[in-house]
Amino acid sequence: MSTVEGRQEVRKATAASAMGNMTEWFDYGVYAVAVTYITAHFFPTEGGTVMALATFALSFLVRPLGGFVWGPLGDKLGRKKILALTILMMSGATFLIGVLPTYQMVGVLAPVLLVLLRMIQGFSTGGEYGGAATFMAEYAPDRKRGFFGSFLEFGTLGGFALGTAVMLFLQLGLGEEAMMAYGWRIPFFLALPMGLIGLYLRSKLEDTPVFQELEESGENQQGGSLKELLTTYWRPILTMGGLVIALNVVNYTLLSYMPTYLETQLGLDSTASLATILIGEVAMMAVIPFAGSLSDKIGRKPMWYTSVIGLFVLALPMFWLMGQSFAWAIVGFAVLGLLYIPQLATITATFPAMFPSHVRFAGFAITYNVATAIFGGTAAMVNEAAINSTGFLLFPAVYMMASCVIGVIAVKFMPETAGASLRGTEIPDAHDTGILATVPPAGDSPRS
């Protein structure tokens, strides 16, 4: 950051990472708000909504496979090469969903093709998200990693918000009949040009400085086997897994399941539910860079404690509030969304720093995607099925609270890495080069 060229390179890396992430989550956002149309065209039977949400969850089951494949390759071949492949796979599969024949046209082949494309998306996402986070974290200056890393999640929210906004504007402009006939396809078409723009931006960058150093020293070939990763780095894997459970149960309940919840369970019309989500997502986007920057000053752990404890305390009251009226739904969603921001804003700064550079991509991708597959992608389906079977409309709040309990435990064991260097083959430690450099670790004598 001390030179004009360096600052430009960091800004380019930030934009390229955020654009790729926006493309990835644009698909998830579009699918989440188009569940009604997906159900009508691909699952027009009793229980179709749950089947449509199960298809959403199915793509997450493939994500760990993507993590096992793309992660080690990213540590050996480079972050940039893997990210070029994953963004093309993701955007191409999303585009093809828009041209699929419906159940009325080809029968059971329609949902089979939809499931296949969702699995391709899941496989590519298994490398895209971990790779983009690693890429961004390794480009960002150590002392500003929280600030720059937050823009990756700005892209996440941007993808969700863009998907919601496009669907809302189409509903208002075309009307429900035209939307049901063909309008629901249009947002899926937009993924391809977005992916090509992201690919172009990434092609203009070198690989991360951290990986270039590994490559020059030959240490990029020292990643080792999966067994070695699991036996040597099991502590950060377990800790990060607990954090991801809290993160993604909240994430997919708020950002993916909420449109379905507001419409099918609380009775809001589709326009009102989409407007609620869009207002909340825009508010979250406005706050996220400030939260990322704050984490550089006070550390990642205080941010996470604030978020998981705050969500545990307010989840039930805010979900109850959302059931009172459209206006209160906006307030309730916004409060929960803003409480979630301290987690979301610090993902890129926190998770890659839990592993040394030669296993960073693999450690992040495998841990994140396994935990997400089990607890994240299934959140919408679990919430819908639980409400349908019990009639308890506040179940999503209880589910979020349970995940936050796991999150609090994980934060206790999470190392503080704010300001720590990501270079080298040792696990980063804020006591060495970060904000805790003047504070001795527990049990150590003061540093000279």
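**View 1. Aspartate 27 and the residues that it touches.** Leaving aside residues up to four places away in sequence, aspartate 27 touches Met90, Thr94, Ile97, Arg118, Gln121 and Phe188, where contact means heavy atoms within 4.5 Å. The model is predicted, so local features need pLDDT of at least 70 and side-chain atom pairs count only at pLDDT 80 or more, while totals for chains, interfaces and linings use all residues. Residues are numbered from 1 along each chain as its sequence is written, and side-chain values use heavy atoms, with hydrogens and water left out. Aspartate 27 lies in helix H1; helices (H or I, at least four residues) are DSSP runs, numbered from the N terminus. The residue is buried, with a relative accessible area of 0%; buried means under 20% relative accessible area, with a 1.4 Å probe and protein chains only. The side chain of aspartate 27 makes polar contacts with two side chains, that of arginine 118 at 3.0 Å and that of glutamine 121 at 3.0 Å. A polar contact is a pair of N or O atoms within 3.5 Å; within protein, one must be able to donate a hydrogen and the other to accept it, and residues adjacent in sequence count only if both atoms are side-chain atoms.

**View 2. Threonine 276 in helix H14.** Helix H14 covers residues 270-298 and contains threonine 276. Threonine 276 is buried, its relative accessible area being 0%. With residues up to four places away in sequence not counted, Leu262, Leu268, Phe326, Ala329, Ile330 and Phe333 are touched by threonine 276.

**View 3. The interface of domain 1 and domain 2.** The domain assignment gives domain 1 (1-206) and domain 2 (223-434); such bounds come from an automatic or database assignment. In this interface, 59 residues of domain 1 are in contact with 60 residues of domain 2. About 4,800 Å² is buried between the domains, 69% of it from carbon and sulfur atoms; buried area is the accessible area (1.4 Å probe) that two parts lose on being put together, summed over both. On the domain 1 side, Leu53, Arg145 and Leu157 lose the most area to domain 2, together 13% of what that side buries.

**View 4. The salt bridge of glutamate 138 and arginine 360.** Glutamate 138 forms a salt bridge with arginine 360, with 2.8 Å between the closest N and O atoms. A salt bridge is a side-chain nitrogen of Lys or Arg within 4 Å of a carboxyl oxygen of Asp or Glu.

Terms used. Helices (H or I, at least four residues) and strands (E, at least two) are DSSP runs, numbered from the N terminus. Buried means under 20% relative accessible area, exposed over 50%, partly exposed in between (1.4 Å probe, protein chains only).
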